[in-house]
Amino acid sequence: MEALPRETIVDVLENRLREDILAGRHPAGSYLPPERELADGFGVTRTTLKHAFGRLVHAGLLETRHGVGTRVRDFLRLGGADLLPMLVRHSPDWIGEIFEVRRSIGALIAERAAARATKAQIAELRRLLASVGDAAGGEPVQLADVEVHRALARATGNRVYVLLTNTLFNAYLPVRAALVGPFEDPRAAHDRLAPVVEAVAAGDQQAARTAAGDYLSATERIMLEGLARARGRRDGAL
């Protein structure tokens, strides 16, 4: 078995700085202390600090200005949805807001798919839906379910919906294991999603939107319950 990579000093420093920024200890728009002061405070070299800064600049949390300093970026004003996985990892409280968007976007995607799906796309949706019921419980069902939603987004003919779907699924990744509840029973997961696919296949836009709303609300409730249980276990272990 391959050994897992060890956390480097740069990793530790990056995580510490990220936590300080997201927790508000370094407010948006503020400048970090001078590099030498920070490096001495953390007990690291300036080279190590620069590497950590580079990662956080790439992540969209910092910006450097030559001769001026390193400033905390206002990621809520200037950042994009690519920040969501990092924000969820920092605080699962973001999940509730992601689910609100998921409900709105998911229902709209189903409605658009019902209006635009081709025969080939409908056949693909039915094949992928069958894969949900055939998968082993838990993560394999969860991943099969994801592929149905990707196919629904493709069926809209709008690539932005595809990218938004990918973004929302990527946002779940840090807590995906805690969101597996709706997918433990493959047949139940299949039956929950089937009305969406059948409404799309029938070209019934309103029925597709309603079915998607029902599906998204039901799975959201189960996933939030699972997330709450996971938090309870984690807090009890502290």
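Okay, let's start with helices H6 and H10: they pack at an angle of about 35°, and their axes are 7 Å apart. Two packed helices get described by the angle between their axes and the distance between the axes. The axes here are lines fitted to C-alpha atoms, for helices over the stretch in contact, and angles run from 0 to 180 degrees between N-to-C directions. Helices (H or I, at least four residues) are DSSP runs, numbered from the N terminus.

Quick word on where this comes from. This is a predicted model, where local features need pLDDT of at least 70, side-chain atom pairs count only at pLDDT 80 or more, and totals for chains, interfaces and linings use all residues. Residues are numbered from 1 along each chain as its sequence is written, and side-chain values use heavy atoms, with hydrogens and water left out.

So who meets whom? On the H6 side we've got Ala110, Ala113 and Ala114, and they meet Val196, Ala199 and Val200 of H10, where contact means heavy atoms within 4.5 Å. By class, that's six nonpolar residues, no polar and no charged; Ala, Val, Leu, Ile, Met, Phe, Trp, Tyr, Cys and Pro count as nonpolar, Asp, Glu, Lys and Arg as charged, and the others, Gly among them, as polar.

The axes of H6 and H9 come within 11 Å and cross at roughly 150°. That makes the two helices roughly antiparallel, a label for angles over 145 degrees. Residues in this contact include Ile98 and Arg102 of H6, plus Leu164 and Tyr172 of H9. The H6 and H9 contact has 12 nonpolar, one polar and two charged residues.

Next, the largest nonpolar core: 45 residues, and those with the most contacts inside it are Ile95, Ile98, Val148, Leu152 and Val196. A nonpolar core is a set of buried Ala, Val, Leu, Ile, Met, Phe, Trp, Tyr and Cys residues joined through side-chain atoms within 4.5 Å. Helices supplying at least two residues each include H6 (94-116), H8 (139-155) and H10 (186-202). Apart from that core lies another, of 20 residues, among them Leu32 and Phe53.

Last stop, Val148. Is Val148 buried or exposed? Val148 is buried, because its relative accessible area is 0%, and buried means under 20% (1.4 Å probe, protein chains only). Val148 is found in H8. Not counting residues up to four places away in sequence, Val148 touches Leu125, Leu128, Leu129, Val132, Leu193 and Val197.

Methods. Buried < 20%, exposed > 50% of the residue type's maximum accessible area, 1.4 Å probe, protein only. Parallel < 35°, antiparallel > 145°, perpendicular 65-115°, else oblique.
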